[in-house]
Amino acid sequence: TYMQPLYRERRFGRDAYQREMQKQRTMNRSPVAPRESKNSHEIYFGPGGSNDIYYKGSLVLHTLRWQMGDEKFFQSLRRFCYPTEAARKATDGSQVRLVDTDDYVKLCSEIAGEDLGWFFEVYVRQPHLPKLAAEKQAGLLKLRWETPGELPFALPVPVLVGGKEVRVAMAGGVGEVEVGDADYTIDPEMRLLMVRPSRPR
């Protein structure tokens, strides 16, 4: 599902990618990657079943791209599909293998040079989205992640301040940026998968 907006970005540019991503909606009824084993009928039609494995999965990758940066993110996709040089060159299907979420978490962490387990724990191991609390005090914009069960979450936040984008580090789930009297917009390109006000359909 994420390959569709990527194709549009490559073919028609970043605005086309953004429009495609904004069409995707999440239901957040059950984890995208539950730890317990489920068959396909349970995933789609059982209690909490939904199509989140498609759209939410795509939006998680969209946000992971922000977390890792383009170079490392696209490296993770290529290496997940083709883990070795031989697999990259194969034309007989021999690179096909069974993998799971933990394999991808491990690969992303290796490429990023940091443990990204916290990212996947919030986004795919439980159903609910994080929420970003923001408060301006004396020209300082204070940000705080609120997560289900107070799970650790350190996703940096993009803030447009006076026309310049700042990447606000969120160590321990909190961060701040000086905005003064300037206009500011939190997450102007909607890179972050989080609770947002409902959009009109």
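**Close-up 1. The hairpin of β1 and β2, with A138 in its turn.** In this predicted model, the hairpin formed by β1 and β2 has two residues between its strands, and A138 adopts a positive phi near 50 degrees there. Helices (H or I, at least four residues) and strands (E, at least two) are DSSP runs, numbered from the N terminus. Seven bridges connect β1 with strand β2 (residues 140-146), and the two run antiparallel; strands are taken to pair if DSSP finds at least two bridges between them. Q137 has L140 of β2 as its bridge partner, while A133 lies opposite R144, also in β2. Residues are numbered from 1 along each chain as its sequence is written, and side-chain values use heavy atoms, with hydrogens and water left out. Because the model is predicted, local features need pLDDT of at least 70 and side-chain atom pairs count only at pLDDT 80 or more, whereas totals for chains, interfaces and linings use all residues.

**Close-up 2. The open sheet β1-β2-β5.** Three strands in the order β1-β2-β5 make up an open sheet with antiparallel pairing. The edges are held by β1 (131-137) and β5 (174-178), each of which has a single partner strand, so one side of each is left without a neighbour in the sheet. On average, neighbouring strands of this sheet are turned by 20 degrees against each other, direction ignored; axes here are lines fitted to C-alpha atoms, for helices over the stretch in contact, and angles run from 0 to 180 degrees between N-to-C directions.

**Close-up 3. The open sheet β4-β3-β6.** This open sheet has three strands in the order β4-β3-β6, and its pairing is antiparallel. With β4 (164-168) and β6 (184-186) at the edges, each having a single partner strand, one side of each is left without a neighbour in the sheet. Five bridges pair strand β3 (residues 157-161) with β4 in the antiparallel sense, and P158 stands opposite R167 of β4.

**Close-up 4. The contact of α1 with α2.** The axes of α1 and helix α2 (residues 14-22) come within 6 Å and cross at roughly 160 degrees, which makes α1 roughly antiparallel to α2 (angles under 35 degrees count as roughly parallel, over 145 as roughly antiparallel, 65 to 115 as roughly perpendicular and the rest as oblique). On the α1 side, Q4, P5, L6, R8, E9 and F12 meet R14, A16, Y17, E20 and M21 of α2, where contact means heavy atoms within 4.5 Å. The residues of this contact divide into six nonpolar, one polar and four charged; Ala, Val, Leu, Ile, Met, Phe, Trp, Tyr, Cys and Pro count as nonpolar, Asp, Glu, Lys and Arg as charged, and the others, Gly among them, as polar.

**Close-up 5. The contact of α4 with α7.** Helix α4 (residues 55-68) and helix α7 (residues 101-112) have axes that come within 11 Å and cross at roughly 25 degrees, which makes α4 roughly parallel to α7. L61, L64 and M68 of α4 make the contact with Y104, C108, I111 and A112 of α7, and the residues involved divide into seven nonpolar, no polar and no charged.
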